[in-house]
Amino acid sequence: MDFTELREAIEEVEAVDAHAHNIVALDSTFPFIHCFSEADGDALSYAPHSLSFKRNLRHLADLYGCQLSLHGVEEFRRLSGLQTISSTCFKAAKISSILIDDGIEFNKKHDIEWHKSFAQVVGRILRIERLAEKILDEELPDGSTWTLDLFTETYLGKLKSVANQIYGLKSIAAYRSGLEINTNVTKIDAEEGLSEILTAGKPTRITNKSFIDYVFTRALEVALCFDLPMQIHTGFGDKDLDMRLSNPLHLRTLLEDKRFSKCRLVLLHASYPFSKEASYLASVYPQVFLDFGLAVPKLSVHGMISSTKELLELAPLKKVMFSSDGYAFPETFYLGAKKAREVVFSVLCDACIDGDLSIPEAVEAAKDIFAQNAIQFYKINLSYGLTNKLTPYSVETKTNASDNDDSLVRIIWVDGSGQQRCRVVPGKRFNNIVRKNGIGLTFASMGMTSFADGPADETNLTGVGEIRLIPDLSTKCRIPWKEHEEMVLADMHLKPGEAWEYCPREALRRVSKFLKDEFNLEMNAGFENEFFLLKGVLREGKEEWVPIDSTAYCSTSAFDAVSPLFREIIAALDTLNIPVEQVHAESGNGQFEMALGHTTCIYAADHLVFTREVIRAIARKHGLLATFMPKYALDDIGSGSHVHISLYQSGENVFMASGGTSRFGMSTVGEEFMAGVLHHLPAILAFTAPVPNSYDRIVPNTWSGAYQCWGKENREAPLRTACPPGISDGLVSNFEIKSFDGCANPHLGLAAIVAAGIDGLRRHLSLPEPIDTNPHSLADKLHRLPKSLSESLEALQKDSVFEDLIGEKLLVAIKGIRKAEIDYYSQHKDAYKQLLHRY
């Protein structure tokens, strides 16, 4: 039989990975050998002698082109960096969507947002036992003890509050007390179970069977209400599990309970070694579905094939779904996907040979198993992701433009003066050489100013020396307005794998790591883009650029005139998975604002770079010039790039106050972080308002924030706390920084904000009272923010915090660039007008 069509279908299908876990940092204490085995302790020393270890190690050495040894693979990982190996693994795995159970507390695990660089849709599966443990670890405000009623109210409330933000629930009851779930556990038994758990002390670990059954049953009620599936661990796992109790046949009481007959249940891990039992359950119970992650690739080839065949002995093909059960290491996702494709191909070929399936039926089955069943089951929208979830730029689409011989790839970086620059290479060269080795770039490129393409004198950067621009493959995407062209953001390395101290993206990563390691916090950011749309006119034979209109703030006629342009811009951003929240005409002539959704700060900065590329290019396509310069016309309003800041911990916004008393509606960490930003704001301006023209914008009575103060919903204050719709009265979800403009390098600007916030947290700074009136009316009582770049540079030179956190050499370069800007524009009064072509 000719299986070419089946092989192609299996190799090409973009898989939905319906069950996985978080990836950890390279310096996590979780050992890499766990990539190959579920064993632990002394048993782990025998893992290298298993069939699956030897096979999977060979696959990784082939993928990386490195030495065939555990040390060789580990050394390659260390030199390449996590971002690069993750991009390599996910690209090779061809995974479109990942659903992550983030309930395993790996050392230095990355949150779900981090994974969004590598798949079109990344969503959360909520582990119910871990949620219950987190609740019981909390101290009650009055010092009282948890009761079953209070726990139930809190537990159900938290489940319902996130129900529209997750793809499903998961239980590990099999690990704790077994699968013989009693859905009619009495309140008395549950109360006794809770008492036993509380007596054991903290951190809480739930092992009491009655309480686990109670937690499971209450979760099913919520799942039924919100039509959420429940994933259930079945079959084998690590030695904490009593495999005698993990046979899915123990679920009969649950499956026969008519209250939950509509609850969709997924039996994970092929229920190995109970695969036949799982297949039987899926054949006779309409609510039972199957998943074969972990069995593939942890078994031998024969074991993987036999367990998958056993799943299909009785189970309908529409009920079987792929997952990698990837965890901790991106390699586990790759190995799971690779072996799953091989195993499913083998199983379906045998089914065709046996006469169970025709070739077309096998092709359909393959597409169902790897994608369609999960897409329908979990209600995954591959065009937009889950409602209310923000996704970073998408990974490469199915057919890459760079696969074509005539394609071009733009390698983009942002320099120290905030200018977006690119080198362009043919797609063939990109694939063969540049994607791994990068392209050369002179040291001088990070010392250039806004007025000249040469390094400023005091940057310590010259034309001597070269770095490598290494493409960050997770950001590679098609250019929406050009056929056969792509763009990718670049990191600056001295050599592949060794970051350059002057790299802006690396500076933001570095300072974000300080925030994460020291305080277990991540900063989220969302930018507002203000810009002018100008049209060219001839006056006395010379081309001039003038605003396209002179309409008022939020004018409908202003939007009518350019709605085709904005439809195209928003559609282009949508293809890049950059969320747009709203657009409106601003106060300036021909001025508009586009607000983007918030996400982790590194992605937010990347989003801003791509958004400016999109807006400028599509405006140019329509015969217009879009400029983000701070003060296009000195007699008109200015343009900012206001940024909204919030703090997250384990996926939850912790900037906002929660329970108990709070100052100003924000948490203690929120206040301390914001107080640090307010304290260092004069120096921060050297990063966020980087050219003399920036200070023509930051003046009183222009909603740009001219005084060093903050206010609640006060748009004349440079820092404004916000309470958007849906947030309880009195609470704030984030704060806005208004003194950030379109000439700023977004990565450096956010790095300065994170650094200032860290200082606030370290020193436990507190905020002064908010200003609830126009700050200009209190000019004699408030400190004026720098009126010029000279003043902000002076503030930066006196501020030692940034040197330690951002890096001494990079700081020297930034100061040198700013000094050159001051000198040049003080001598050339009209030179600012050329900024509209550079920004």
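Author: One term before we start: a residue is called buried under 20% relative accessible area, exposed over 50%, and partly exposed in between. Also keep in mind that this is a predicted model.

Reader: Thanks! So is V284 buried, exposed or partly exposed?
Author: V284 has 43% relative accessibility, so V284 counts as partly exposed. You'll find V284 in helix 12, which covers residues 275-284.

Reader: Let's go inside. How many residues are in the largest nonpolar core?
Author: That core has 230 residues, and those with the most contacts inside it are Y155, Y378, L750 and I753. Helix 15 (residues 330-354) gives the largest share, 13 residues.

Reader: And what does Y155 touch, leaving out residues up to four places away in sequence?
Author: Y155 touches I128, L131, A132, I135, V215, R218 and A219.

Reader: Which residues does the second, separate core include?
Author: That second core has 33 residues, including L565, V609, V614 and I618. As a general point, nonpolar side chains in soluble globular proteins tend to be buried together.

Reader: Now an arginine: where is R77 found?
Author: R77 is in helix 3, residues 70-80.

Reader: Buried or exposed?
Author: R77 counts as buried, because its relative accessibility is 8%. Beyond its neighbours within four places in sequence, R77 is in contact with L26, F32, Y64, I85, F329, P330 and E331.

Reader: Changing topic, how many salt bridges does the structure hold?
Author: There are 55 salt bridges. One of them pairs D27 with K108, where the closest N and O atoms are 3.0 Å apart.

Reader: Where do D27 and K108 sit in the chain?
Author: They are 81 residues apart, so this pair links distant parts of the chain. D27 is in the loop between strand 1 (15-20) and helix 2 (51-64), and K108 is in the loop between strand 2 (95-101) and helix 5 (112-115). D27 is partly exposed at 39%, and K108 is partly exposed at 35%.

Reader: What about R509 and E506, how far apart are they in helix 18?
Author: R509 and E506 are separated by about one helical turn, because they are three residues apart in helix 18 (residues 504-519). They form a salt bridge whose closest N and O atoms are 3.2 Å apart. R509 is partly exposed at 25%, and E506 is partly exposed at 23%.

Reader: Last one: where does S667 lie?
Author: S667 is in the loop between strand 24 (652-653) and helix 21 (668-679). With a relative accessible area of 14%, S667 is buried.

Reader: What lies 2.5 Å from a polar atom of its side chain?
Author: The backbone oxygen of V654 lies at that distance from the side chain of S667. Apart from neighbours within four places in sequence, S667 is in contact with V654, F655, M656 and A657.

Note on methods: Residues are numbered from 1 along each chain as its sequence is written. This is a predicted model: local features need pLDDT of at least 70, side-chain atom pairs count only at pLDDT 80 or more; totals for chains, interfaces and linings use all residues. Side-chain values use heavy atoms; hydrogens and water are left out. Helices (H or I, at least four residues) and strands (E, at least two) are DSSP runs, numbered from the N terminus. Buried means under 20% relative accessible area, exposed over 50%, partly exposed in between (1.4 Å probe, protein chains only). Contact means heavy atoms within 4.5 Å. A nonpolar core is a set of buried Ala, Val, Leu, Ile, Met, Phe, Trp, Tyr and Cys residues joined through side-chain atoms within 4.5 Å. A polar contact is a pair of N or O atoms within 3.5 Å; within protein, one must be able to donate a hydrogen and the other to accept it, and residues adjacent in sequence count only if both atoms are side-chain atoms. A salt bridge is a side-chain nitrogen of Lys or Arg within 4 Å of a carboxyl oxygen of Asp or Glu.
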